[in-house]
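Keep the picture beside you and find each residue as we reach it.

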Amino acid sequence: MQRLLFLFSLKPIIYGLIGMLIAGASFPLAGVIILRNGLIPLRYMLMHGVILGGTLSIAFHLPMVPVVAALNILLVLVLMAMKGRTSTLSVASTAMMVLTMGLASMLSHVFDVPSKDTLELLWGSPFALKVSDLWMLFGVCLILVLYCIIFFRPMTAIFFDTDVASSLGVNVKLHHTVMVLVTALVIALSMKIMGALLMDALVILPVLSVSRNSTSMKGAFLKSSICGLVLSLLGYFFAVLWNLPVSGTLSILAVAYYLLSFLIQKLKRLGS
């Protein structure tokens, strides 16, 4: 107990805890948007965008986070423009993934950027968070939360049916673009600050775990947020207590909870 109290008196541990609280409560909201809009391919494109952004920042000695954020916003805008002329989002995102990796490879060769330096961008750690990182994470997540609260009704209509939403006067194209941009910003920044594996465990898995028991959109948002918060706290606590990697610990917990929820739902169906 004394060891645990000592650990949680250290600044890196406290900053990591704050970051996990923010991420756990808000990241699943982005997961709801991603799954409801079929934006899974977007996540892979943005991961490659982080690599290209990291390569650019190292090659030209630029600040990492602003470059990564700006590049991913640009990629999303180009993606949305391409999507209007292609059949699916996956087609456009595949083209963008190939482009970003090609540019990253070329820049790494020309400016002699070590591959390990760019790949390390995908494996952030809550223990490495600084005050500036926390403020940035809080700001982006606050934008996401406020958007989900203020524009909950238009979002629900769009998730239900885009044609119905349009008939109700909802600007579907505008809201869809804003949702994609906000989600992209959350993913891009969190991937740099928190790491790709940790981000996946908090963005997607909590939503999948509670979606079977959610009868409304409000319930899906609320339950996903609570699930993400509980998983992030448990994963962080166990990782600190037993000196384990946070991303791996949280990922195992998230998958275990997902399998447990699936099993419980299966048993309920067999019993009914």
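Buried means under 20% relative accessible area, exposed means over 50%, and partly exposed lies in between, using a 1.4 Å probe and protein chains only.

Before going on, two notes on what you are looking at. This is a predicted model, in which local features need pLDDT of at least 70 and side-chain atom pairs count only at pLDDT 80 or more, while totals for chains, interfaces and linings use all residues. Residues are numbered from 1 along each chain as its sequence is written, and side-chain values use heavy atoms, with hydrogens and water left out.

Now look around F27. Which residues is F27 in contact with, leaving aside its neighbours within four places in sequence? They are L137, C141, V186, S190, M194, M199, L202 and V203, where contact means heavy atoms within 4.5 Å.

Step back to see the whole fold. The protein chain has 14 helices and zero strands; both are DSSP runs numbered from the N terminus, a helix being H or I with at least four residues and a strand being E with at least two. The radius of gyration of the protein chain is 19 Å, close to the 19 Å that the globule rule gives for 272 residues, so the chain is as compact as a globular protein of that length. That radius is taken over C-alpha atoms, and the globule rule is 2.2 Å times the number of residues to the power 0.38. Along its principal axes, the C-alpha trace spans about 55 × 50 × 35 Å.

How much of the chain is buried? Of its 272 residues, 46% count as buried.

Helix α13 gives us examples to follow. This helix covers residues 217-241 and holds M217, and S225 is in helix α13 as well. M217 counts as buried because its relative accessibility is 11%. Leaving aside neighbours within four places in sequence, M217 is in contact with V32, R36, F152, T156 and F159. M217 and R153 are 64 residues apart in sequence, with their C-alpha atoms 9.6 Å apart in space. S225 has a relative accessible area of 16%, so S225 is buried. With the neighbours within four places set aside, S225 is in contact with G24, A25, P28 and L29.

Next, find N37 in helix α2, which covers residues 11-37. N37 is buried because its relative accessible area is 18%. Beyond the neighbours within four places in sequence, its contacts are I158, F159, H176 and M179.

Finally, visit two loops. H61 is in the loop between α3 (40-60) and α4 (64-83), and D112 is in the loop between α5 (89-110) and α6 (115-119). Are they buried or exposed? H61 is exposed because its relative accessible area is 72%, and D112 is exposed because its value is 66%. Most residues other than glycine have a negative phi. H61, however, has a positive phi near 55°, and D112 has a positive phi of about 55°.
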